[in-house]
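Keep the viewer open and follow the residues as they come up.

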Amino acid sequence: EYMGNPAMPLFAKQFVKGKESRVKESDKRRFRERIQKTFELITEEQLEILVPSNKSIELKCCSPDKFLNVYFCGSQTQPIFIDMDGTLIPTTYTLHIAPQIVRCILVFPGVEKHICRGADFFLPGLYRTQQQVQSNDWEGMFGPPFLKGQVVALVVAATWAPFAVGRFAQSLNEIKKTGLQGIGVEVIQHVGDALWLTGPKTLPPQTPPASAVAVITELLK
């Protein structure tokens, strides 16, 4: 199992391609099905943007070990998913197209600067209101209960686009016992890191994609 370095996101320093292979059409169809099964909120429109059914998709295996694969797609070789220990993790490029497919938590402005310099996310940086703190409104701060290792994206408060993605370093039950201290999210990939630099280097638009807005609006009904 790849444990990573808790003090340094996986692609903070470099991205080594390693073995590189093109995914066959039959495997691409299975990969699309896997995405739909893993991320139930993804729309057909978003899936078609990420993994077009009429185009080839490349699979590249990168360092540091055999438990890590990175999927790329398109002429600009945009990294779209990381397969780590059998867990499919969307990159920030993917989350700028389909931000609703994973849980997102808000952080205070300024936190992103530390994370984009190579830090993990520490819980004191979690955005919360005074009322949420006073009433112990954990669901208001985090959403529904979660387990350690669950995929989560980080978003600066008052913005919409995830700037980093990783896995919870603690479960919600653990956080309730110890409070907002210590590492909350082990960051795997963030805007500006070595993996991001292999793609088109595009930043998210000012407003979220219409397809994502429609899904989020439906969820809030």
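## The nonpolar cores

The largest nonpolar core has 32 residues, and those with the most contacts inside it are F11, F31, I35, F39, I80, F81 and I82. Please keep in mind that this is a predicted model. At least two residues of this core come from each of α1, α2, β3 (68-73), β4, β5 and β8. Strand β3 gives the largest share, five residues. As a general background, nonpolar side chains in soluble globular proteins tend to be buried together.

Leaving aside its neighbours within four places in sequence, I35 is in contact with I42, L47, V51, F81 and L88. Another core, of 24 residues, lies apart from the largest one, and V107, L126, V152 and F168 are among its members.

## Aromatic pairs

How many aromatic pairs does the structure hold? There are eight aromatic pairs. One of them is formed by F39 and F81, which are stacked, with 5.6 Å from centre to centre and 25° between the planes. F39 sits in the loop between α1 (25-38) and α2 (44-50) while F81 belongs to strand β4, so this pair ties together parts that are 42 residues apart in sequence. Both F39 and F81 are buried. Ring pairs also link F31, F39, Y71 and F81 into a cluster. Of these four, F31, F39 and F81 were named above among the residues with the most contacts inside the largest core.

The rings of F108 and Y127 make a second pair to look at. Their centres are 5.3 Å apart and their planes stand at 65°, so this pair is edge-to-face. F108 lies in the loop between β6 (103-107) and α4 (111-115), and Y127 in the loop between β7 (121-122) and α5, so the pair ties together parts that are 19 residues apart in sequence. Are these two residues buried or partly exposed? F108 is partly exposed, with a relative accessible area of 29%. Y127 is also partly exposed, with a relative accessible area of 32%.

## Salt bridges

Turning to charged side chains, the structure holds six salt bridges. R30 forms one of them with D27, where the closest N and O atoms are 2.4 Å apart. R30 and D27 are three residues apart in helix α1, so about one helical turn separates them. D27 is partly exposed, with a relative accessible area of 29%.

Which residues does R32 bridge to? R32 forms a salt bridge with E44, the closest N and O atoms being 3.0 Å apart. This pair links distant parts of the chain, with R32 in helix α1 and E44 in helix α2, 12 residues apart. R32 is buried, with a relative accessible area of 11%, whereas E44 is partly exposed at 44%. The side chains of E48 and R32 also meet in a salt bridge, at 3.3 Å from N to O. Here too distant parts of the chain are linked, since E48 is in helix α2 and R32 in helix α1, 16 residues apart. E48 counts as partly exposed, at 29% relative accessibility. Salt bridges that share partners join R32, E44 and E48 into one network.

## Loop residues

Now for some residues in the loops. P162 is placed in the loop between β8 (151-156) and β9 (164-168). At 1% relative accessibility, P162 counts as buried. Leaving aside its neighbours within four places in sequence, P162 is in contact with T92, L95, H96, P99, C104, A153, L154, V155 and V191. P162 and V152 are 10 residues apart in sequence and 9.6 Å apart in space, C-alpha to C-alpha.

D85 has a positive phi of about 55° although it is not a glycine. D85 lies in the loop between β4 (78-84) and β5 (87-90), and at 25% relative accessibility D85 counts as partly exposed. N136, another residue other than glycine, has a positive phi near 50°. The loop that holds N136 runs between α5 (130-134) and α6 (138-142).

Technical notes. Residues numbered from 1 in each chain as written. Predicted model: local features only at pLDDT ≥ 70, side-chain atom pairs only at ≥ 80, totals over all residues. Heavy atoms only, no water. Helix = DSSP H or I, 4+ residues; strand = E, 2+ residues; numbered from the N terminus. Buried < 20%, exposed > 50% of the residue type's maximum accessible area, 1.4 Å probe, protein only. Phe/Tyr/Trp six-rings, centres within 6.5 Å; stacked < 30°, edge-to-face > 60°. Contact = heavy atoms within 4.5 Å. Core = buried A, V, L, I, M, F, W, Y, C linked by side-chain atoms within 4.5 Å. Salt bridge = Lys/Arg side-chain N within 4 Å of Asp/Glu carboxyl O.
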